[in-house]
Structures are given as structure tokens and as C-alpha cells.
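Keep the strand order in view as you read.

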Amino acid sequence: RFNVDDADVDQAMQMQMDIHENLVADVHGYLYFDEDKKRQLPDVKIPKFYLSVTKNSEIWEQLRRSEIHDAAAVKCERKQLYANQTRAKKLGLLPAAATDADAVDVAGGGTDLMDGITDEEQHSARRRRKYEQFVKFMLSDGGAEVVIDGANVGHMLLQDHFCFDFVDHVASYYAFVQHKKVRIIMCTYRVVNAENSGNARDKGIIAKWMKHSWLIQSPNILYDDVLWSIYTLHSCLVYNENVVVVTNDNMRDHALALHRIKGFEAWLQTKLCRVEVFKGQGILAYDPFASFTGQESQQVDSATTANTNTSGKRTLLQMEEQEEDKEKDACDADSGEPGSKKQKIDDGTAREYQGNNQESLDSSDMFVSSPVQQYNKFGYINRVYPYRLHPPCAYVLRPQYYRYETDENEHFIWFLPLLSKHSDVQNKKNILKQCYSDAIISKRIRWTVAKLTRKIVKKI
């Protein structure tokens, strides 16, 4: 109970209200009065988004369940224990004089133990075993500040072709220029195919990743997007949410599957770093085995440029487009023979057979397999286009309210995002679509900030 006199009441009712409209925010949450971001709003910043440990664990578990059927995996293990009674006795799981009835009791009982192990049960048990191995490694690795979706970044430059140089350039920029801990998550079959392709440059890049401990090979039987999501969730707990994922994947399937969990879409919004590639501005002179200083992003090969070709020769971009047209025309030819055929192989991935009539883009840029190696999932290119990284906002684009106290004051603050009158979209539902984070906050959104401060004197 507090005893407050009239003077204290008058003082407690004194309030100060500040309202600022049409403010521009940057990706870190600082607010400015002008678009040039020269006049900053003092003492106010949009708070960074944090995912609670409970919500982090809930999303982690839902992602795990999307990959593993626990009931089928347990049933497979029970049947394996019953079928391998001799091994179970050697391991001490069964007494030496155990009978079939004893094995049924130890395995958990049930008449289904007499049935054989189905493919679904065996598949689920293997997926759970591989997942547990990945999590065990992840916990020992300690997370990372930058997680790169290797499959997505490698396929950004050209469809049906993979570029290890481009992935390496992005990883080297974060590791050597920004001095951050980097991890590249990539399926095992992609690494094995590259090592067996005969391309010495790609093999050297993989060896470089191994040397710096950048590469994490995800099991082929598991979805790599789920694994890098789980790895990022763990990294957020280690690095206090200061983690980004380099990918252009929208994660629609996972966002739809986890739409009931509040915070997952907001977490994606504050973690996915997008990549914008400029194919029409030439090729970077990049050597993955030389010392990376960060200046490589400004070194454009003037011998091969787009939109400035005056010699009458085909540019590299034109060659790519003509090659894609050739493949489409081959599928529509009267002979009915497509330019490429797909065949399933033992690792469960679709591999592409390159026809004898298919030409390479450029022998210096794309590796062409020898006649003995007829089967490849995709071609390999060794070039890097100019690109720009668009980091995510540290905060969520939604109305926010906070209350906090200082020594003798109590503060209330509201952040309200509104559609800018200069926005290129008018439908509020499309604000976050087809646009990078830095462009959204600079062109489409303006903030209104209201801050209320009141002084309360308490007397016992």
C-alpha cells in the first residue's frame, strides 16, 4: 500500500507524449526523418526480433516430425530386435537362454513382430538414425553466424547447372571480409558427384571447404532445407539471434506446414538473406584459391560484357539463352527425341543423361564429361556473376508495443508501420512480396512512432 498526497498525484499525472510520423527505418531498426538517412531519431530503435527458447524448440520438433515417422521407426527397431535374437543375446539385450516369447516381451510385445519389416518402416528407421547423427554433429559444432543453402546458391546462375565458384565466393566474403563463422550445408550426393566428375577446380574448392571446416554434408535421405533450418535454430541460441541464412528459397512448404506455430514466419523474415544476381554486367575475375580481399566483387572481366557488345560476337548471356532454346527445340522435334533423358539411380536422385548432340556453353566455363562418364545430374560452370546480398531486417514488419521503466519514469512506445504514399503496391497483403527487405523498408513502408513518458513518485 502506498500513501500518496495531492502533490504527488499531480506530479504523477504529468505526462509527455511525442509522436513522429513518416519515418524511414534501416535493416538494423534505426529510424530517420528523411530518406537519405541523415537525421536520425534519437533514443528510439525498433527492437530486434527474438525467438523464445520454448518456441525455438517447438519449431525444431515440428521440423523433425516432417522428416521422421516415429511410430514406423520404433516398429522397425522392435522387429529387428525380435529377428536378430542371436545378436541381441551377444549385446546383453536378451538372456542367453531366452525363447521367442522372451524376445517378444523384450521387444515390446505384439503379434506384428512375426511380420517382416516393411519398406516404410525400414525407411523411417534409417531417416531417424541419420537425423540423430546430424544433430549430434550439430551440437558439437557449436552453430554458425552464416548458414549457406549450398543447393540453392549453387543453382542461382544457370538452370540445370551448378556453380561451386559462386558458393565459394559468398562463403569467402563472409569468412574473410566479415570474419564470421560460416557453414555450407549441402547434400552428400552433390559433393560425391563433383569429386567424381573429373573437374579439378571443383574438387579443389571442396578441399578448401574441408580445410576451413565450412562444409556440412547432409544425408541424401533427409531434406536439406529442414536440416539447415534446424541448424539455424540452434545457431540462434548460441549467437543470440545474430544469424543469417543465405538463400533465395521462400520456404513456402515449411511455412504452410508450420503455420499454426506463431513466430516461424517472423523468424524466417528476420533470418533469410537474399541474393540478387546481375547477369548482364559481365563476369567477376575470381580465383577461389587466391587470397580473398573483398575487391573481387569489383573486378569485372571486360572481355565478356553484356549490353555493351559492339563486335558482333555472341555474349555469354546470349549463348546461355540460345542453349536453352536448343534444348526446348529438341523436345519439340519431329523425331520425338528429347535433348535430355532422366534416369533413376541407386541414391534416389534423378540424373540427367546429356545427349551426344548437346553442345557445351563454353569449354572454358563449363566442364564437359568425358565419353566414359555419360551420366551427370547437372553440368558444372566455373564463373561468378556480380551479385548483391540483401540482408534481412533485424525486426518484424508489424505493429509493436513496448513498456519499460527507467529510474523514475515509465515509458510506453508504439511502432506502427504504414503504407508509404510512394509505394509501388497498394494492397497491404502484397507488401512483403516480390521485393528485397531493404527495398521494402525504404520504398513501401513508413513508420509512425509514439512515445509516452510519465513520472510517478511512490511514497511508502
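Begin with the contacts. Of those in the protein between residues at least 6 apart in sequence, 73% join residues at least 24 apart. This is a predicted model. The protein has 460 residues, and buried residues make up 43% of them. A residue counts as buried under 20% relative accessible area. The accessible surface of the protein comes to about 25,600 Å². Carbon and sulfur atoms account for 48% of that surface.

Next, the secondary structure. The protein has 15 helices and 18 strands. Six strands form an open sheet, in the order β7-β6-β4-β8-β9-β15. The pairing in this sheet is mixed. Which strands stand at the edges? They are β7 (215-218) and β15 (387-390). Each has a single partner strand, so one side of each is left without a neighbour in the sheet. Neighbouring strands of this sheet are turned by 25° against each other on average, direction ignored.

Strands of a sheet pair through backbone hydrogen bonds, either parallel or antiparallel. Take β8 and β9 as a case. Strand β8 covers residues 244-246, and strand β9 covers residues 272-277. The two run parallel, joined by two bridges. Look at Val245: its bridge partner in β9 is Leu272.

Helix α10 spans residues 200-212. Helix α10 touches β6 (182-187) and β7. The direction of α10 makes about 105° with that of β7.

Terms used: Residues are numbered from 1 along each chain as its sequence is written. This is a predicted model: local features need pLDDT of at least 70, side-chain atom pairs count only at pLDDT 80 or more; totals for chains, interfaces and linings use all residues. Side-chain values use heavy atoms; hydrogens and water are left out. Two strands pair if DSSP finds at least two bridges between them. Helices (H or I, at least four residues) and strands (E, at least two) are DSSP runs, numbered from the N terminus. Axes are lines fitted to C-alpha atoms, for helices over the stretch in contact, and angles run from 0 to 180 degrees between N-to-C directions. Contact means heavy atoms within 4.5 Å. Buried means under 20% relative accessible area, exposed over 50%, partly exposed in between (1.4 Å probe, protein chains only). Accessible areas come from the Shrake-Rupley method with a 1.4 Å probe; for residues, only the protein chains shown count as cover.
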